[in-house]
Amino acid sequence: MAPTQDALYRELDLDLDLSWSERDLPERVRTKHVHRLHPYLGKFVPQLVEALLARHLPRARRVLDPFAGSGTTLVQALEDGLDATGADVAAFNCLLMEVKTRRYNLFTLERELRDVLGRLETFDGEPPGGPSAYVREWYAPRATAELLFFRSLVEDYEHADVMRVVLARAARSARRTTHFDLDFPRTPQLEEYWCHKHRRTCRPIDRAGHFLRRYALDTLARIREFSRVRGRDAVAGVIHGDVRELEVGEGFDGVVTSPPYPGLIDYHEQHRYAYELLGLEDRRELELGAAAGGTSAAAIAAYADGMVAAFENVRAALTPRARVVIVINDRRDLYPEILERAGLAVETRYRRHVNRRTGRRAGEFFEDIIVAR
Ligand SMILES: C[S@@+](CC[C@H](N)C(=O)[O-])C[C@H]1O[C@@H](n2cnc3c(N)ncnc32)[C@H](O)[C@@H]1O
């Protein structure tokens, strides 16, 4: 008799409680409240952080995520009533985390967002200032004008950062790209095309105003929803920089993190439009394991050295009994040695199936969960 699917998973040492299917954990739930303020490739699901905090860090009060990305750990920690600090080398990620985790006077925030949208309505089509070469290439003239006009307004408001995230999200959607290639489009799409996502002929976007309006209101609703569920006194801190040498603070009694892995994602490049439009500082040369660096033996060795330095620095910020929980698809089995060199002892290691569907398929994706002290 063929083994059941669950028996196969047990054989692979899979933790079924953390291997949710699409039906168990639909996108709407994975991207609840502020988790969806802006798309981010390579984030983990908040329910995983919630389960890992409960399972491995039940007594933690202050948690650290040294590779905090879009801030999933921070947001979930706040929801659980814990203080949290996140570090990241990418300026846009830090902006996004700040906006997700700040406390707002919701009345002021709403007034400001409605005011800026009112001013957008009055826009007469003349772009303020000249667009950069990137903007000229990737946006149609009307979309360019609307984005640059909105950008010229945000400085007038207390909640300019919230508007910057709205601007970035609208800029992502308004690029001249196909609907099915929003993550890393290579060249602008100027003509109509057959769209695999919508199964019809689509045209590249030529406006941005409707995205600005829709995302401003969506952002307001999401921040409002989060304000109802976050812990009353819990606070978050965001630190921008290279975690190998950052002062991350001290007294953390837990870490939940998913470090970058060699050759997979360029974290600055995925938000290139935001760096271009918001004038953010680009520190991509400090990204550990950036896809652009490749996967040569030298690149892997440099990655391992970088991770050792990062975790040594993190270790110095921990209380003696703190646990470090790492989520990573360590297909090269680099982490036992990295953690040992960084002075951390592995307590346990198991796997989860990402996006488990019915039936086993080629190209399935697993993640390891490594718990160290
Ligand atoms: C897998 S992502 C983390 C995603 C995060 N768990 C989330 O849910 O959004 C890894 C992050 O590490 C950051 N990173 C890469 N090199 C870094 C470095 N030297 N110092 C700090 N952060 C770095 C990247 O910018 C990226 O945001």
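Let's start in a loop: Asp333 sits between β7 and α13 (335-341). The names come from DSSP, where helices are runs of H or I with at least four residues and strands are runs of E with at least two, numbered from the N terminus. This is a predicted model, in which local features need pLDDT of at least 70 and side-chain atom pairs count only at pLDDT 80 or more, while totals for chains, interfaces and linings use all residues. Residues are numbered from 1 along each chain as its sequence is written, and side-chain values use heavy atoms, with hydrogens and water left out.

Asp333 has a positive phi, near 55°, though this residue is something other than glycine. With a relative accessible area of 48%, Asp333 is partly exposed. In the terms used here, buried means under 20% relative accessible area, exposed means over 50%, and partly exposed is in between (1.4 Å probe, protein chains only).

Arg199 also isn't a glycine, and its phi is positive at about 55°. You'll find Arg199 in the loop between β3 (193-195) and β4 (200-202). Arg199 is exposed, at 64% relative accessible area.

## The sheet

Now for the open sheet: seven strands, in the order β5-β2-β1-β6-β7-β9-β8, with mixed pairing. Two strands count as paired if DSSP finds at least two bridges between them. The edges belong to β5 (236-240) and β8 (346-354); each has a single partner strand, so one side of each has no neighbour in the sheet. From one strand to the next, the twist averages 15°. As background, strands of a sheet pair through backbone hydrogen bonds, either parallel or antiparallel.

Thr85 has Gly237 of β5 as its bridge partner.

## Helices on the sheet

Helix α5 (residues 91-101) packs on the sheet and touches β2 and β5, and its direction makes about 170° with that of β5. Such angles run from 0 to 180 degrees between N-to-C directions, using axes that are lines fitted to C-alpha atoms, for helices over the stretch in contact. Helix α12 (residues 297-315) packs on the sheet too, touching β1 (62-65), β6 (252-257) and β7 (318-328); its direction makes about 145° with that of β7.

Back to α5, which is mostly covered, with ten of its eleven residues buried. Among those buried residues are Phe92, Cys94, Leu95, Leu96 and Met97. What do the buried residues of α5 pack against? They pack against α4 (72-79), β2, α9 (160-174), α10 (209-229), β5 and α11 (272-278). Contact means heavy atoms within 4.5 Å.

## The other end of the sheet

Over at β9 (residues 365-372), seven of the eight residues are buried, so this strand is largely enclosed by the rest of the structure. β9 runs antiparallel to β7, joined by five bridges, and antiparallel to β8, joined by eight bridges. Ile370 in β9 is the bridge partner of Ile326, and Arg349 stands opposite Ile370 as well.

His353 is part of strand β8 and counts as buried at 2% relative accessibility. His353 and Asp233 are 120 residues apart along the chain, and their C-alpha atoms are separated by 35 Å.

Is His35 buried or exposed? At 1% relative accessibility, His35 counts as buried. His35 lies in the loop between α2 (27-30) and α3 (46-56). Setting aside neighbours within four places in sequence, the contacts of His35 are Arg30, Lys43, Pro46, Thr72, Val75, Gln76 and Lys100. One of these, Lys100, is a buried residue of α5.

His210, in helix α10, is partly exposed, with a relative accessible area of 23%. His210 and Glu146 are 64 residues apart in sequence, and 9.6 Å apart in space from C-alpha to C-alpha.

## A pocket to look at

The second largest pocket holds about 310 Å³ of space. A pocket is an open set of points on a 1 Å grid over the protein atoms alone, where a 1.4 Å probe fits, with protein on both sides within 12 Å along at least five of seven lines; lining residues have an atom within 4 Å of a point. Grid points are joined across faces, edges and corners, and the volume is the space filled by probe spheres set on the points.

Its lining has 19 residues, and Glu287, Leu288, Gly289, Ala290 and Gly293 lie nearest the centre of the pocket. By kind, the lining divides into nine nonpolar, four polar and six charged residues. Here Ala, Val, Leu, Ile, Met, Phe, Trp, Tyr, Cys and Pro count as nonpolar, Asp, Glu, Lys and Arg as charged, and the others, Gly among them, as polar.
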